[in-house]
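Please read these notes with the model open beside you.

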Amino acid sequence: MPFVVPEPYCWDVSFMTFYDQIDEEHRSLFQGLFNCAKHRSNDLQLKALNDLMHIHFAAEQVIMKNANYSEFPQHCQIHDEFLAKLSKVHTPISDADIDYCKNWLVNHIKTVDFRYKGKL
């Protein structure tokens, strides 16, 4: 994946989509992943991350659908594939799973989500 994962793992302005709701939700996803990395054996942190991802993806998809976003079906499929992978993660969370999720989120925002900038 081509984009560098920030350390410490937190949202910064380079991830701005310029949609307030989406940017706020992205901040919470970064925090959720940071918390999981810090507390790898905590089932509640992993559940919270799963919940945040589901809530964010659902909200983002409503926004895309309401805007008749042309890449809506493909975007939803990408979300579904990530959620399927995340559903297989269990505590204690491995380094590989943390790295995958961090990389996925960074690169998803900067490639897939950035395609809808100015279109929603």
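1. A term to begin with. A residue is buried when its relative accessible area is under 20%, exposed when over 50%, and partly exposed in between (1.4 Å probe, protein chains only). Keep in mind that this is a predicted model: local features need pLDDT of at least 70, side-chain atom pairs count only at pLDDT 80 or more, and totals for chains, interfaces and linings use all residues. Residues are numbered from 1 along each chain as its sequence is written, and side-chain values use heavy atoms, with hydrogens and water left out.

2. The cysteines. A disulfide is a pair of cysteine sulfur atoms within 2.5 Å. By this rule, the count is zero. C36 has C101 as its nearest cysteine by sulfur, at 8.0 Å. That is too far for a bond. C36 counts as buried because its relative accessibility is 1%. C101 is buried too, with a relative accessible area of 4%.

3. The overall plan. Helices (H or I, at least four residues) and strands (E, at least two) are DSSP runs, numbered from the N terminus. The protein has four helices and zero strands. Its pattern along the sequence is α-α-α-α.

4. Helix α2. This helix has 24 residues and reaches 35 Å from its first C-alpha to its last. The expected span is 1.5 Å times one less than the number of residues. For α2 that expectation is 34 Å, and the reach is close to it. Its buried residues include L46, M53, F57 and M64. The buried residues of α2 pack against α1 (20–38), α3 and α4; contact here means heavy atoms within 4.5 Å.

5. The ends of α2. At the start, a side-chain oxygen of N42 comes within 2.8 Å of the backbone nitrogen of L44. Just after the helix, N68 takes a positive phi of about 55°.

6. Helix α3. Which residues of α3 are buried? They are H75, C76, H79, F82, L83 and L86. They cover an arc of only 125° around the axis, so they lie on the same side of α3. The arc is that of the directions from the helix axis to the C-beta atoms. Among what covers these residues are α2 (43–66) and α4 (95–112).

7. The whole protein. Of its 120 residues, 42% count as buried. The C-alpha trace spans about 40 × 25 × 25 Å along its principal axes. Residues 24 or more positions apart account for 74% of the contacts with a separation of 6 or more.

Conventions
A polar contact is a pair of N or O atoms within 3.5 Å; within protein, one must be able to donate a hydrogen and the other to accept it, and residues adjacent in sequence count only if both atoms are side-chain atoms.
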